[in-house]
Amino acid sequence: MAAPLRIVFMGTPDFAATILRAVAAWDGGTVTALYTQPDRPAGRGKKLKAPAAKEAALELGIPVCQPPHFKTPDAVDSLRRQAPDVLVVAAYGLLLPQCVLDIPRCGAYNVHASLLPRHRGAAPVQRALMEGDSVTGVTIMRMEAGLDTGPMLLQQALPIEAADTAGSLTGLLAEQGARLMTGALGMVAEGRTAFIPQNDSMATYAPKLSPDEERIDWFLPARTVHNHIRGLTPAPGARTVLHIPGREPLPLRLEPGQPLEDTDARTLPGQPPGTIAGFDGEALVVACGHGAYRLTRLRPAGKAAMSAADFRNGRLRDLAPPYGLFCPDATPISRD
């Protein structure tokens, strides 16, 4: 029987916390420490908030280390003293230098939320949705110094459903990743690993979302608008600004609605993209570059999220359609 593995886990958000719980419950080893990012200010009060993985580790009685980076000998030596057999890494948020990857006797393994080599990088779930992918998945790879370039040990696909958002899909992938990671650890413990190199010519990249990408461009097709909003939900959220003549611009956050394309027999001739052209059942109908978008829920700045019907009754009750114009920021945009 293989000797129990000494495991150091590295991860930060909820995705990592789910996988940490599964690895801690695995009977083939012991998680001797969690490495996670430092507590960060959060919320309106900007109080320090612990990462989700730290909260899980404290519940499980696992010691927590929070170095800001591994650029100093002390940080690397501290990890070396843990004498790990394996590093398990899941959405840690820090790049690991080769001197760290060389420490564990059996290697460092990453749980990546995509079917590598597609969507290497920090935001694979968001990018998969925003790019309209129909399938994603989880890859367990042996880490090397490059960005998600290491050879693959296990991989499993997961269909992307029409109602999925970044939040719901991340949860599903975390559960899938937890199952794959414990299976991978069993393979490592028994010395039966077989790796498949990634095809670099097929690689795509999923960089961290920028603040500018939170803004919805209504000149895009309705389906693209929908995918963009899904990829931004629940955080950081899709942004737009409502312009009504004679009123202050109103910033809004949007929740996913429904794209109306040609097959929906919905066209809005002569309406500029971003125009709230009317009300359809319980939704605001917004003109897009192609088709239209049924917007069912939104959140005005400083307010709670509300239905489109409540928004119309509160903000648009004295207006006739078209109600106004949505723009990405505080200045109406125009395109020739």
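Which residues of strand 6 lie on one side, and which on the other? V86, V88 and A90 share one side, while L87 and V89 take the other. Both faces are covered, and all of these residues are buried. In a regular strand, side chains alternate between the two faces of the sheet. The model is a predicted one.

Strand 6 spans residues 86-90, and five of its five residues are buried.

| Partner of strand 6 | Residues | Sense | Bridges | Bridge pair |
|---|---|---|---|---|
| Strand 1 | 5-11 | parallel | five | I7 with V86 |
| Strand 7 | 108-112 | parallel | three | V88 with Y109 |

Strand 7 brings Y109 to V88.

Next, the nonpolar cores. The largest one holds 43 residues. Within this core, F9, I19, M181 and L185 touch the most other members. Helix 6, residues 166-190, gives the most to this core: eleven residues.

What does M181 contact, leaving aside its neighbours within four places in sequence? The partners are I19, V23, V88, Y109, V111 and I140. Two of these names have already come up as a bridge pair: V88 and Y109. V88 is also one of the buried residues of strand 6.

Another core lies apart from the largest one. This other core has 26 residues, among them W218, I244, A308 and F326.

How values were computed
Residues are numbered from 1 along each chain as its sequence is written. This is a predicted model: local features need pLDDT of at least 70, side-chain atom pairs count only at pLDDT 80 or more; totals for chains, interfaces and linings use all residues. Side-chain values use heavy atoms; hydrogens and water are left out. Buried means under 20% relative accessible area, exposed over 50%, partly exposed in between (1.4 Å probe, protein chains only). Helices (H or I, at least four residues) and strands (E, at least two) are DSSP runs, numbered from the N terminus. Two strands pair if DSSP finds at least two bridges between them. A nonpolar core is a set of buried Ala, Val, Leu, Ile, Met, Phe, Trp, Tyr and Cys residues joined through side-chain atoms within 4.5 Å. Contact means heavy atoms within 4.5 Å.
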